[in-house]
Amino acid sequence: MVQNVIFDVDGTLVDSVDEHAEAWRRAFLEFGRDVPFAHVRSQIGKGADQLVPVFFTEDELEKFGKELSDYRSELFKREFMPKLRPFPKVRELFQRLRADGIRIALASSANGDELEHYIQLCNLGGLTQAETSKADADKSKPHPDIFEAAMEKLGRPEVHSVVVIGDTPYDALAASKLSLPTVGVLCGGFPEEDLRTAGCRAIYKDPADLLAHYESSRDTWPWAADAVDAAKDDESR
């Protein structure tokens, strides 16, 4: 039985992927690099340390890497954070998991103040046992550092008692390096095929879909074959 759930945040609990991508796109443009939105979006899920080198050379980053990241951070907080909204049923999902004694951790590459904003936005106060942010990891996803930190804060539970839930292939790749199984959600906009190829064992639409299938098959959630098949059927309708 699953006893611990580690949630990614951006794109999994909060509808923020497009906003992150646009903030990075505009920051790149400010520093002389015109990158198509779709190309930037495909990299969201990584932290700045893994994302920015996709678009800039080491020499460029030595010259203005920190300035670029700071510019993006301030732009995101000023123009995009006020627009963000949680996906439906996030709080209800957390409440239901906690009612069954399941411990919850958040594992995000966001800055600490951004993560705190997300917690307030989703009304998750008192529902999590552990929270990790950019400061807790030397390297961001697809490296496993942030999930390693979450496991540490949860008290090093057995791997078989933990599931990771995320919206990007980078979540699954990072979790797999710790032998942690991953369940994918489609609300972040990544294709189902990409999530399955990266290692997600089951796919759901969003937190509301996770909650609905938990209620119907919680003894085996989120592994029940019928729940996975039902999620697929829902997506095709």
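## A helix, a sheet and some aromatic rings

In this predicted model, helix α5 spans residues 90-99, and its buried residues are V90, L93, F94, R96 and L97. Why do these buried residues line one face of the helix? Viewed down the axis of α5, they fall within an arc of 160°, so they share one face. Just after α5 comes G101, which takes a positive phi of about 80°.

Now let us turn to the sheet. Six strands form an open sheet in the order β5-β4-β1-β6-β7-β8, with parallel pairing. The edge strands, β5 and β8, each pair on one side only. On average, neighbouring strands are turned by 20° against each other, direction ignored. Within the sheet, β6 and β7 are joined in the parallel sense over three bridges, and I165 stands opposite V183 in β7.

| Helix | Strands it lies across or touches | Direction |
|---|---|---|
| α7 (residues 145-153) | β1, β4, β5, β6 | about 155° with β5 |

Finally, look at the aromatic rings. The count comes to nine aromatic pairs. In one of them, the rings of Y170 and F190 have centres 6.3 Å apart and planes at 85°, so this pair is edge-to-face. Y170 lies in helix α8 and F190 in the loop between β7 and α9, so the pair ties together parts 20 residues apart in sequence. Both Y170 and F190 are buried.

Elsewhere, W24, F28, F31, F55, F56, F64 and Y71 form one aromatic cluster. Over the ring of W24 sits the charged end of R72, 4.9 Å from the ring's centre.

Definitions and conventions: Residues numbered from 1 in each chain as written. Predicted model: local features only at pLDDT ≥ 70, side-chain atom pairs only at ≥ 80, totals over all residues. Heavy atoms only, no water. Buried < 20%, exposed > 50% of the residue type's maximum accessible area, 1.4 Å probe, protein only. Helix = DSSP H or I, 4+ residues; strand = E, 2+ residues; numbered from the N terminus. Arc of directions from axis to C-beta. Phe/Tyr/Trp six-rings, centres within 6.5 Å; stacked < 30°, edge-to-face > 60°. Lys NZ or Arg CZ within 6 Å of the ring centre and 35° of its normal. Pairing = 2+ DSSP bridges. Axes fitted to C-alpha atoms, helices over the stretch in contact; angles between N-to-C directions. Contact = heavy atoms within 4.5 Å.
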